[in-house]
Amino acid sequence: MTLVDSMDTLVLLGDFDEFERAVRLVIQNVQFDSDIIVSVFETNIRMVGGLLSAHVLTEHIQKNRGIMLWYNGEMLEMARDLGYRLLPAFNTSTGIPHARVNLRHGMKDDELKKSRETCTACAGTILLEFATLSRLSGDPVFEARAHTAMDALWKLRHRSSDLMGTVLNVHSGDWVRRDSGVGAGIDSYYEYLFKSYVLLGDDKYLARFNRHYNAVMKYVSEGPMLLDVLMHRPHAKSRNFMDSLLAFWPGLQVLSGDIKPAVQTHEMLYQVMQMHTFIPEAFTVDFQIHWGQHHLRPEFIESTYFLYRATGDHHYLQVGKKALKTLQKYAKVPCGYAAVNDVRTGKHEDRMDSFVLSETFKYLYLLFSDPRDLVVDVDEFIFTTEAHLFPLTIAQLGNTTFSFTRSDEHNMLDFMRTCPNSNRFFPERVRKPLRNFITGSCPRIPTGKRLRALDFQASNADHLRAIYDMGITMVSLGDGKVRLFHSFYNENIEKDILMEK
């Protein structure tokens, strides 16, 4: 799996000899007619995605470099074979796939007959690979199944909050876990909504992404922190810790054009990394370790890369340098890089997930590379959640089962997003107020007469404006009581800077 998952990394590195050797090894030795149970989600993003990306890049270097002329689409055929072996998982009453499938027996395996539950990310991270597979192979069944699954998930959102839960029943569509955030169990569903719009051109996915995004920024975002809430009670927090998978969110915000909160959340994560050497698998709201493992995950590096590409701020090169030196010092072992069992002790685990070569080091290499020196123009591709490269020309191939018409369920408000000018106020001026966020020693801002809680009057417009400019909103609880919520996302940063001066 690691070899298939990381073949396109060899292309980006420009190591064509090793890439050709890898392709030959895969074609000669990899086969999928095995009596084993696999994750539909992981097999799709790592194996189907890896084969498709390697196929696309092989044809690219055939055309542009005149090498590997012997290759004749073998990996595309392998991807189609694997895709057919995953299809039985989609035979549910909702069209949402089972979490696991047997590669030889489908869902007829005794272990799988009682399976009912899957996570939102597992069910919603299929479309990029399946659409690309359909359009390259000419077989529309894969893309059709993936669209059906995405449509079914969209219908299951909470209609009041526009939030999604994390675990559901694939047959009834009932939610099993109603926690809603942007981390584990849901992360790449949001990513694939936006990237499906980019790759395929169907604006219903942009509309859906924007609806979810606005809900996340309204209920889940608290300044640079992203805290899970209950989808049906979005003002109620469902847990007091964050997991490291949410580190992908700033990168997605950059792609969608909302850079200010991306800078804030990334800065918070960078401080967590410096505090604990690595970003732990989960950390509490006061930034203490909740789960101490670190699996060399790529999400923080991914966001660092996209922020650097968007802003040109050399701060992000320094962040990448710090991350790379940390990997070299604390994770490198004689045969590769080992996951850290506990960031407090530095003890290693005997594992190196395939995403380390497919994503972590790929994004580090891209961060420090001049795009003009790369063997491919990465702006002509989109990165999947496993950092596989799919060409944007996929949309031009078309699919007879696919419609580009805008659905009536969306209105113009779902498309009203603007990209801010990155030269105006960030990233330094946005990072500065957060510089000591985790240590708790925030810089004092000199002001005139301070508004004390004892003096506050809800009927006083100046008082309301003062707390609003601080990013504070009030929710009435009845009986004269209110609850206050603070969000950097709503804070008037420009006003704070002027007050500072």
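1. Disulfide. C119 and C122 are joined by a disulfide, with an S to S distance of 2.5 Å; the term covers a pair of cysteine sulfur atoms within 2.5 Å. By this rule the count is one disulfide. The disulfide is right-handed, because the torsion about the S-S bond of C119 and C122 is about 85 degrees.

2. Basis. This is a predicted model, in which local features need pLDDT of at least 70 and side-chain atom pairs count only at pLDDT 80 or more, while totals for chains, interfaces and linings use all residues. Residue numbers start from 1 along each chain as its sequence is written, and side-chain values use heavy atoms, with hydrogens and water left out.

3. Buried means under 20% relative accessible area, exposed over 50%, and partly exposed in between (1.4 Å probe, protein chains only). C119 is buried at 16% relative accessibility, and C122 is buried at 19%. C335, by contrast, is exposed at 77%.

4. Sheet. Strands β11, β12 and β13 form an open antiparallel sheet of three strands, in the order β11-β12-β13. Its edge strands, each pairing on one side only, are β11 (241-243) and β13 (289-291). On average, neighbouring strands of this sheet are turned by 30 degrees against each other, direction ignored; axes are lines fitted to C-alpha atoms, for helices over the stretch in contact, and angles run from 0 to 180 degrees between N-to-C directions. Strand β12 (residues 282-284) is joined to β13 by two bridges, and pairing requires that DSSP finds at least two bridges between two strands. F283 stands opposite I289 in β13. Strands (E, at least two residues) and helices (H or I, at least four) are DSSP runs, numbered from the N terminus.

5. Annotated residues. An unreviewed UniProt entry lists E42, D187, E281 and E299 under "active site". Of these residues, E281 and E299 are included in the lining of the largest cavity. A cavity is a set of points, on a 1 Å grid over the protein atoms alone, where a 1.4 Å probe fits but cannot get out; lining residues have an atom within 4 Å of a point. UniProt annotations may be inferred rather than shown by experiment.

6. D187. D187 is found in helix α8 (residues 187-200) and is buried at 12% relative accessible area. Leaving aside neighbours within four places in sequence, D187 is in contact (heavy atoms within 4.5 Å) with A121, V182, L245 and F248.

7. E299. Helix α12 (residues 299-311) contains E299, which is buried at 12% relative accessibility. Not counting residues up to four places away in sequence, E299 touches S244, L245, A247 and F248.

Key:
1 Å grid on protein atoms, 1.4 Å probe; cavity = no way out; pocket = protein on both sides within 12 Å on 5 of 7 lines; lining within 4 Å.
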